[in-house]
Structures are given as C-alpha cells and as structure tokens.
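I opened this notebook to keep track of what I looked up in one structure, entry by entry. Each entry takes up one kind of feature.

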Amino acid sequence: MISALPIAGGSACGVAAMAWAVRGRASAVFGPSVWRGPRERRAVALTFDDGPSEDTPRILEILAAHGVPATFFPCGANVARLPAVARAVAQARHEIGNHGYAHPLCCFRSSRFIEADMARAQQVILEHTGLRPVWFRAPYGVRWFGMRRAQRRLRLQGVTWTVMGYDWNSRAEAIVERMAGRVANGAILCLHDGRELRGQPDIGATIEAVRRLLPLLLERGYKLETVSQLLCPTT
Ligand SMILES: [Zn+2]
C-alpha cells in the first residue's frame, strides 16, 4: 500500500526521509514507514532486530573486522537486561533504533499502550546508551491505530525492510542465499541479534550468515551504511 501522506513533523532527516517515506510500503492510516533507500547509490543498510542478546558481541566482532556500521533495533526489555551489551553496540558507533520495549504485537492494543511501550523503549535506550533513537521499527512489522501519533510525539520515523532474512527459523546457507539473491541498491536488510525477549537465544545461524554475507556484499561493491546514512545521504 502506498502512502500519499508526507510525514508530519518528527522526521529523522527532513526532506530526504520524507521523499522516501511517501514511496514507502506504508499505511496512511497507521503511519508511514520507509522500506528502502535510494536506488542510485550502491549502498545498503544491515539491520538487526530483537537484541541485545548474549551473543550480540559476536556480531559486533564481525562488523568490526570489516570496518562496517549497522543499525540495531533492540527491544527495550533486552537493553534493561543486558545494558553492557547495548552500550558496546553504541560505543562501536552503530546506530540504534527503537523496536518497542516488550516486543508487543500491537494490533488490537490501545493507542495509550502502544505509545507507552514505545516511550519506555526510548527512555531505556537513552539511559543505557546515551543515544536517542530517531527510527522506529514496529515489532513483527505490524502497525496499528495510534502508532502514527506515537511516532510523531516521540519524533520517530518508521522504517521497515527491503529484504527479510527469516533468520529465526532458517539455516545460514538459506539466509545468505535469500539475502544475496534479493539485495539491490538502497536495500535495507533485516536480521535478528536476539529472539524477541528470550534469554540466551541461539543466534548461531544469524552469526554465520553475517560472516558469509558481509564479504559477499563488499565484493559486489556495496557500501554498508547505517539507516540514517542510507536514507539521509549527505554527499
Ligand atoms: Zn522483532
């Protein structure tokens, strides 16, 4: 569904985000979301939802080895559980977005519930990392009444993804094959460094997929950028 409405205030990077948002796979009722960046630049954004988890540092190591940034959309409750890991993500200069506090499925929830969950995540992320997210990724990608207003009030811009890794139930080879097959200029790639609110989740397939995927993307000439760099290019 194409949204015809521009973002009213609170956009993460002004005109550039707005230009992309109006083309987004977004709902005019539930609030706009951006799902990809410009096709003109050979750049992509690697994103991770549902962290931090005990094994997030293993992903940070791989990113550091290649000297590339990523964008993490942690659950607030996981940040509260593992604040040192969340801090390590921020200190490695990756971008941090908002993925809600308790990873709620927002359909049929009240506007008040939705905004409170998003605000709580915003607060805990700021408290533990010093960063105030400007991007919001709805849990399960599900949008609902009240999200648009909550985003505006919290100054959050919605962002979804171009390619989903389905890494929570796939083997590394399948994840890499899917993502490498569908990647294109401006793509936002979605993986998971946690599994909702589970403690000590097995993210082995994700880690192995990142290990194989990154050199492949770099070999093909893609520049890895944060969501802000991809959607709000300054050059
Ligand atoms: Zn999630």
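I began with E196, which is partly exposed because its relative accessible area is 31%; buried stands for under 20% relative accessible area, exposed for over 50%, and partly exposed for what lies in between, with a 1.4 Å probe and protein chains only. I found E196 in the loop between β8 (188-192) and α8, where helices (H or I, at least four residues) and strands (E, at least two) are DSSP runs numbered from the N terminus. The phi of E196 is near 50 degrees, a positive value in a residue other than glycine.

Before going on I noted the ground rules: this is a predicted model, in which local features need pLDDT of at least 70 and side-chain atom pairs count only at pLDDT 80 or more, while totals for chains, interfaces and linings use all residues. Residues are numbered from 1 along each chain as its sequence is written, and side-chain values use heavy atoms, with hydrogens and water left out.

Backbone entry. I looked up R155 next, and its phi is near 55 degrees, again a positive value in a residue other than glycine. R155 lies in the loop between α6 and β6 (157-159), and it counts as exposed because its relative accessibility is 58%. I also noted a cis peptide bond that joins G51 and P52, with omega about -15 degrees, and I placed P52 in the loop between β2 and α2. For context I wrote down that most residues other than glycine have a negative phi, and that most peptide bonds are trans.

D50, in the loop between β2 (43-49) and α2 (56-66), and H99, in the loop between β4 and α5, link distant parts of the chain, 49 residues apart. I found both D50 and H99 buried.

Ring entry. I counted rings of Phe, Tyr and Trp (its six-membered ring) as a pair if their centres lie within 6.5 Å, with planes under 30 degrees apart called stacked, over 60 edge-to-face and the rest tilted. The count comes to four aromatic pairs. One of them is the tilted pair of F108 and W144, at 5.0 Å centre to centre and 55 degrees between the planes. This pair also links distant parts of the chain, with F108 in the loop between β4 (95-96) and α5 (111-129) and W144 in the loop between β5 (135-136) and α6 (147-154), 36 residues apart. Is F108 buried or exposed? F108 counts as exposed because its relative accessibility is 72%, whereas W144, at 18%, counts as buried. Ring pairs join F108, W144 and F145 into a cluster.

Charge entry. I noted that the charged end of R42 sits over the ring of Y222, 4.0 Å from its centre, and that the charged end of R36 sits over the ring of W35, 5.6 Å from its centre; the rule asks for NZ of Lys or CZ of Arg within 6 Å of the ring centre and within 35 degrees of the ring normal.
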